[in-house]
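Here's a quick tour of one structure, taken a piece at a time. Have the viewer open and follow along.

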Amino acid sequence: MSEKPFFMSNKLAHAFWENEFVPECPVYDMHGHMGENNAITFPIASTEDMVVHLRRIHAKLVFCHHWALFTPEFTNGECYEIVKRYPDVFRIYIAVNPHYSEIMRHDLAMYDSWKPLAVGFKILADYHQVKVSDPRYAPVLERADDEKALVLFHTWGGSSFDGPDELRKVVKKYRNIRYILGHAFCGMWEDAVQLVREYPDNVYLELTSLPGRAGVIETLVRGAGSERILFGTDLPWFDEYQAVGGIVGAKISEDDMHNILHRNAQQLLPGF
Amino acid sequence: MEDLAFFDVNCQIGMPMCGSLEYAAGTDDLLRELDFSGIGRAVVSHVNTASGGAVPGNHFVNRALREDTGKRLVGCWCILPDCLNENIPSGENLCREMLKNRIGMLEICPVSHRWVPHRTAIGRQFDMLAERGVLIKTSVQEIGSWNAFYNLVERFPRNRFLITNTNLWGCDRYIRPLFETTDKVYLELSEYWVAEGIANLVKRYGADHILYGSGYPYWTHTSQMMNIKHAQISDEDRRKIACGNLDQLLKEAQL
Ligand SMILES: [Zn+2]
């Protein structure tokens, strides 16, 4: 072979290649889930198994429980009880379901008591089939705006619920929310970059399901800058090592890799 | 350092017809990409074989192999039912030509190429390939669905099939019943990212039917390399997945 492979030529990749974790590069996974999602079989989905997986690579995870998103009988209060058991590993996003305003009101009333383990909200518009600009989300978005909270939006290229046009309406209206665009409008990379350029202070692109897609990390870093990019895996959907391999194997600088894997998240979540 | 050699079973060369953020137009580009990733060898098919047809795809695979003077690449041709009389070797001649051209395995794209993989269409050819233990690759998309793949496996129980591009969003419910019931199905890992999934499959079924494949140029080489590197399996199983199983399968093909 004529040149050194990525795991020999860059220090961080080499460290992750040779070791299960790298002390100077903890991993902050900003987009995870928790628990079985019985529409698929997961090898690891219990809290304990996920903790073992995360500790292996020295990762911390901000999650929103599958059941809280998919079946409203499972409450955000129950998610909080899980996080309380592992405060060194987990934070939660409060699941927002626009079809149940009573639950939303209740969770907003509880929100202060769930802090600091609860760090914001998760909106899954494609699945709940309510556009992100719909007024049913307003109570949550207004509160998040008042408190500069994090809101993780599932986003997807071409979606009429949470694609670029819909998100732009919300970002324009609520100027203080710290937006985390899950999956970075998968497939519509130019639109993702454009939204960050328009709102460079409070819009972040999140990478779940993107490391491993050839050229995507490079395109987003080039366009939006690594300071605006957060790491994520949808754990237990995707393996932490798969996604880290996609970052440290990307053709970007080691500084970019550190920004994505931990520095940006550490700024957003002081004390975690 | 060559602690873990990788042999990519699912690598594509050429300029994708709809463009792509990454691609390797020619052999030098591909070898550079393999060098960057630390991949020693790769089985190469053409990126536009599904859309553009088997004949031009195979033509460009042949060209790539001729330009690969270091012999790091092994070719994968696409075949069709031989009654179509297209310019693809058939019968016993197929294997002779494969050997001559450094083609180690075959692929089929029935959906894009407008034929159905029934015995009526390709029975005689597949029987010969089963006899000789030649590995046949197809993706979930190109066979049409998991249902279509199950039908294929049930119709041709003696053939060795490699299923690729299994979709990111979880395929355990599709792949496990196959691993339970046949030893002729092999799983390619480019889109099998489920957390601790590789170790879980190995624990249940062993490592012999799992192969590293990148899915390049749509997927990177590096992400699944790291996943395999840190999967909680024995080093012997890791070596099998990274390269050993593919080496063995190519060796067992009697061309
Ligand atoms: Zn998610």
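## A glutamate in a loop

Where in chain B does B:Glu196 lie? This is a predicted model, and in it B:Glu196 lies in the loop that runs between β7 (185-188) and α10 (197-205) of chain B.

Is B:Glu196 buried or exposed? Its relative accessibility comes out at 12%, and because buried means under 20%, B:Glu196 counts as buried.

Over in chain A, 8 strands make up an open sheet, and the pairing is parallel. At the edges sit β1 (27-32) and β8 (229-230), each pairing on one side only.

For a look inside the sheet, take β3 (residues 90-96) and β4 (residues 118-123) of chain A: they run parallel and are joined by 5 bridges. A:Ala95 stands opposite A:Lys122 of β4(A).

## Two helices side by side

Now for a helix pair in chain A. The axes of α5 (residues 76-85) and α6 (residues 101-114) of chain A come within 11 Å and cross at roughly 10°. Angles under 35 degrees count as roughly parallel, so α5(A) is roughly parallel to α6(A).

The crossing of α5(A) past α6(A) is right-handed. On the α5(A) side, A:Asn76, A:Gly77 and A:Tyr80 make the contact, while α6(A) brings A:Asp107, A:Ser113 and A:Trp114.

Terms used
Residues numbered from 1 in each chain as written. Chains lettered and ligands numbered in written order. Predicted model: local features only at pLDDT ≥ 70, side-chain atom pairs only at ≥ 80, totals over all residues. Heavy atoms only, no water. Pairing = 2+ DSSP bridges. Helix = DSSP H or I, 4+ residues; strand = E, 2+ residues; numbered from the N terminus. Buried < 20%, exposed > 50% of the residue type's maximum accessible area, 1.4 Å probe, protein only. Axes fitted to C-alpha atoms, helices over the stretch in contact; angles between N-to-C directions. Parallel < 35°, antiparallel > 145°, perpendicular 65-115°, else oblique. Left-handed = near helix turned anticlockwise from the far one by under 90°. Contact = heavy atoms within 4.5 Å.
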